[in-house]
Amino acid sequence: MAGVTSIVWGTTLVSSKVLLHYGLTPAQIMLYRFIIAYLFLWILYPRTHRIKSVKDELSFLSIGFFGGTLYFLLENTALEYTQATNVGLICATVPLLTAMLAHLFMKGVRLSRYILAGSILSLAGVALVVFNGNFILKLNPLGDLLTFGAAFSWAVYSILIRHISGRYNVLFITRKLFLYGLLTLSPYFLFQPFGAPLKTLLIPEVAANLLFLGVIASSLCYVMWSVAIKNLGPITTNNYIYLLPFITMLTAAVVLDEKITMFVIIGALLIIGGVWYAENGHKVVLRGKRVLNS
């Protein structure tokens, strides 16, 4: 589920570029995406659950804010101030940030040397994919700080969703996430245009991409991501985020005719190798010890 979700999320940038081409703003795309996701999940799972405590309700509010509103607004706003290269590279620190937060705030979770080594290997691969042979990094303090805020926001969301995932139905949790995402996003539109003209939304290509982002990339993928975090934990699950830049490059090559270079291929191998080692490194060491002992 984590792998499939990463593949889908890796294609969303191309889909969003199509919508931006038709005049929608990043905030408008997020608004329609969340509305579609919430309505789809309501149809899929119309049941409601009695919230067990005020603390749980605040947890729902927090995952909607950190995993929805704050993450998307910070990341999209950062693109106005800094290069996409910077955004892609800094957002790739999410797994490391998640591992550090889990180590600090989750009982029994330790930052193992296998996860650390795998993360560093994958991060090197992300750098190769993002830079794609053009090793020019122009720092912009505001834009880069906003991007780091987005990465930190997703890491916080990953810890929070693990806490609440065993207490309620995963479809109900995801539906609440989008509800609170919409509620915490609404003040933003006091200062920005509310929505795109209806004639724009009725364009087949616009409607198809919004449905893809709302139904597949949001509703279903957020559900699968929550299930993955529940079963694998936030650290292992978030390691699959390293796949996103490579999937985006691959999708752009197919849809936008962008070239795949040797840097991208080497980077992809490092990313996949790092994700695999972070999850299986301890098994390799144990197997090696058994061989030596025998």
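**Helix packing in a predicted model**

Modeller: In this predicted model, helices H1 and H10 run roughly antiparallel to each other, because their axes cross at roughly 155°, and an angle over 145 degrees counts as roughly antiparallel.

Colleague: How close do the axes of H1 and H10 come, and which residues does H10 cover?

Modeller: The two axes come within 9 Å, with H10 taking in residues 204-232.

Colleague: Is that crossing left-handed or right-handed?

Modeller: H1 passes H10 in a left-handed crossing, and by class the contact of H1 with H10 has 17 nonpolar, 7 polar and 1 charged residues.

Colleague: Staying with H1, what span should it have, and how far apart are its end C-alpha atoms?

Modeller: H1 covers residues 2-21, and because each of its 20 residues is taken at 1.5 Å, the helix should span 28 Å; the end C-alpha atoms lie 30 Å apart, which agrees.

Colleague: Where does H1 bend?

Modeller: The bend is at threonine 12 and amounts to about 30°, while beyond the helix comes glycine 23, which has a positive phi near 100°.

Colleague: And H10, where is the kink centred there?

Modeller: The kink in H10 is centred on cysteine 221 and is about 35°, and the helix is followed by glycine 233, whose phi is also positive, in this case near 90°.

Colleague: Switching to H2 and H3, at what angle do their axes cross?

Modeller: The axes of H2, residues 26-44, and H3, residues 54-78, cross at roughly 155° and come within 10 Å, which makes H2 roughly antiparallel to H3.

Colleague: What is the handedness of the H2 and H3 crossing?

Modeller: H2 passes H3 in a right-handed crossing, and sorted by class, the contact between them has 6 nonpolar, 3 polar and 1 charged residues.

Colleague: Which residues meet there?

Modeller: From H2 the residues are Pro26, Ala27, Met30, Arg33 and Phe34, and on the H3 side they meet Gly68, Thr69, Phe72, Leu73 and Asn76.

Colleague: One last topic: which helix holds leucine 244, and what does this residue contact?

Modeller: Leucine 244 is in helix H12, residues 244-255, and, leaving aside its neighbours within four places in sequence, leucine 244 is in contact with Ser6, Trp9 and Gly10.

Colleague: How far is leucine 244 from glycine 3, in sequence and in space?

Modeller: Leucine 244 and glycine 3 are separated by 241 residues in sequence, while their C-alpha atoms are 9.9 Å apart in space.

How values were computed
Residues are numbered from 1 along each chain as its sequence is written. This is a predicted model: local features need pLDDT of at least 70, side-chain atom pairs count only at pLDDT 80 or more; totals for chains, interfaces and linings use all residues. Side-chain values use heavy atoms; hydrogens and water are left out. Helices (H or I, at least four residues) and strands (E, at least two) are DSSP runs, numbered from the N terminus. The expected span of a helix is 1.5 Å times one less than its number of residues. The bend at a residue is the angle between axes fitted to the seven residues ending there and the seven starting there. Axes are lines fitted to C-alpha atoms, for helices over the stretch in contact, and angles run from 0 to 180 degrees between N-to-C directions. Angles under 35 degrees count as roughly parallel, over 145 as roughly antiparallel, 65 to 115 as roughly perpendicular and the rest as oblique. A crossing is left-handed if the near helix is turned anticlockwise from the far one by less than a right angle, and right-handed if clockwise. Contact means heavy atoms within 4.5 Å. Ala, Val, Leu, Ile, Met, Phe, Trp, Tyr, Cys and Pro count as nonpolar, Asp, Glu, Lys and Arg as charged, and the others, Gly among them, as polar.
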